[in-house]
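Work through the exercises below with the sequence and the model open. Each task is followed by its solution in steps.

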Amino acid sequence: MAIPDQLIERIHQTKQNSIHGFFDKIKTKKWVKDLYETLFLPQTDNTEEQLKRNFEALQETLSDLINTVVGDKDLTEKQVNQFFEALPTLYDQLVLDAKSILEFDPAADSLEEVYLAYPGFFATYVYRISHQLWSQEVKILPRVISEYAHSKTGIDIHPGATIGKSFFIDHGTGIVIGETTIIGNNVKIYQGVTLGALNVSKEKAHQKRHPNIEDDVIIYSGATILGGETTIGRESIIGGNVWVTQDVPANSLVYHKSEIKIKDNTSLPESLTFVI
């Protein structure tokens, strides 16, 4: 069956009228991977000259990606220079993130293991580079980069979030961190945590919608913390599966109390006996 010409015309017109350029998502993912490998992973040729060539190629690719979006060579050059000028600081932050994992995860034996095998660290890396581009007001590209990490790790961190030093993600699958979340230093988050909004109305798009997590907080798996006016005080511990929509004072322990019963399963109630 032939595709109707009318449909082809409509799709073509929609793409022509797009306010932003369409860039190569495959090239974007490769750039994210290549930058990660250049920063952290051993390569066949580890000489300084090879590293310089790697960074030159990375600068060229980023220039192509940004120029596709902004369509202005001078602005593109400015944006690329700004990103790579910030890279030493980003690198130092990421080394602290990796050291935090090594220090607090008993299963981690070395920084090399963290770089090679920890999805939480990779998601943090992607967050930090996408946040830098977000702060430079580069359109679309930071979201595409962050969604790449989401698809690989199951960790969804909006590039607009603000995250402090020595950030620790353990396991990580199912973590959601919203756009206006503010996280302090030395915070530890486990799998399934949601830092979300109480109200998802479009009218509140430019308001503070997501919570504040102060320094040295630990948030265990399955916890949900919602609301732009919700603050978790420093050095608090948020237990697993809790639901928090109000301020928590510093040095608090918040936990969900549930009842677990253990009994002999040799004599089950009649309602639980069945035959397939």
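**Exercise 1. Describe how α4 and α6 are arranged relative to each other.**

Helices α4 and α6 are roughly antiparallel to each other in this predicted model. The steps are as follows.

1. Helix α4 covers residues 73-104 and helix α6 covers residues 119-135; their axes come within 10 Å and cross at roughly 155 degrees.
2. Angles over 145 degrees count as roughly antiparallel, and therefore α4 and α6 fall in that class.
3. The crossing of the two helices, α4 and α6, is right-handed.
4. On the α4 side, the contact residues include F83, L90, L94 and I101, and on the α6 side they include F121, Y125, I129 and L133.
5. Sorted by type, the residues in the contact of α4 with α6 are 10 nonpolar, four polar and two charged.

**Exercise 2. Give the strand order of the open sheet and name its edge strands.**

1. The sheet has four strands in the order β2-β5-β8-β11, with parallel pairing.
2. β2 (162-163) and β11 (231-232) each pair on one side only, which makes them the edge strands.
3. β2 is joined to β5 (residues 182-183) by two bridges.
4. T162 has I182 in β5 as its bridge partner.

**Exercise 3. I140 and S166 each have a positive phi without being glycine. Classify each as buried, partly exposed or exposed.**

1. I140, with a phi of about 65 degrees, lies in the loop between α6 and α7 (141-153).
2. Its relative accessible area is 34%, so I140 is partly exposed.
3. S166, with a phi of about 55 degrees, sits in the loop between β2 and β3 (168-170).
4. Buried means under 20%; S166 has 15% relative accessibility and therefore counts as buried.

Notes. Residues are numbered from 1 along each chain as its sequence is written. This is a predicted model: local features need pLDDT of at least 70, side-chain atom pairs count only at pLDDT 80 or more; totals for chains, interfaces and linings use all residues. Side-chain values use heavy atoms; hydrogens and water are left out. Axes are lines fitted to C-alpha atoms, for helices over the stretch in contact, and angles run from 0 to 180 degrees between N-to-C directions. Angles under 35 degrees count as roughly parallel, over 145 as roughly antiparallel, 65 to 115 as roughly perpendicular and the rest as oblique. A crossing is left-handed if the near helix is turned anticlockwise from the far one by less than a right angle, and right-handed if clockwise. Contact means heavy atoms within 4.5 Å. Ala, Val, Leu, Ile, Met, Phe, Trp, Tyr, Cys and Pro count as nonpolar, Asp, Glu, Lys and Arg as charged, and the others, Gly among them, as polar. Two strands pair if DSSP finds at least two bridges between them. Buried means under 20% relative accessible area, exposed over 50%, partly exposed in between (1.4 Å probe, protein chains only).
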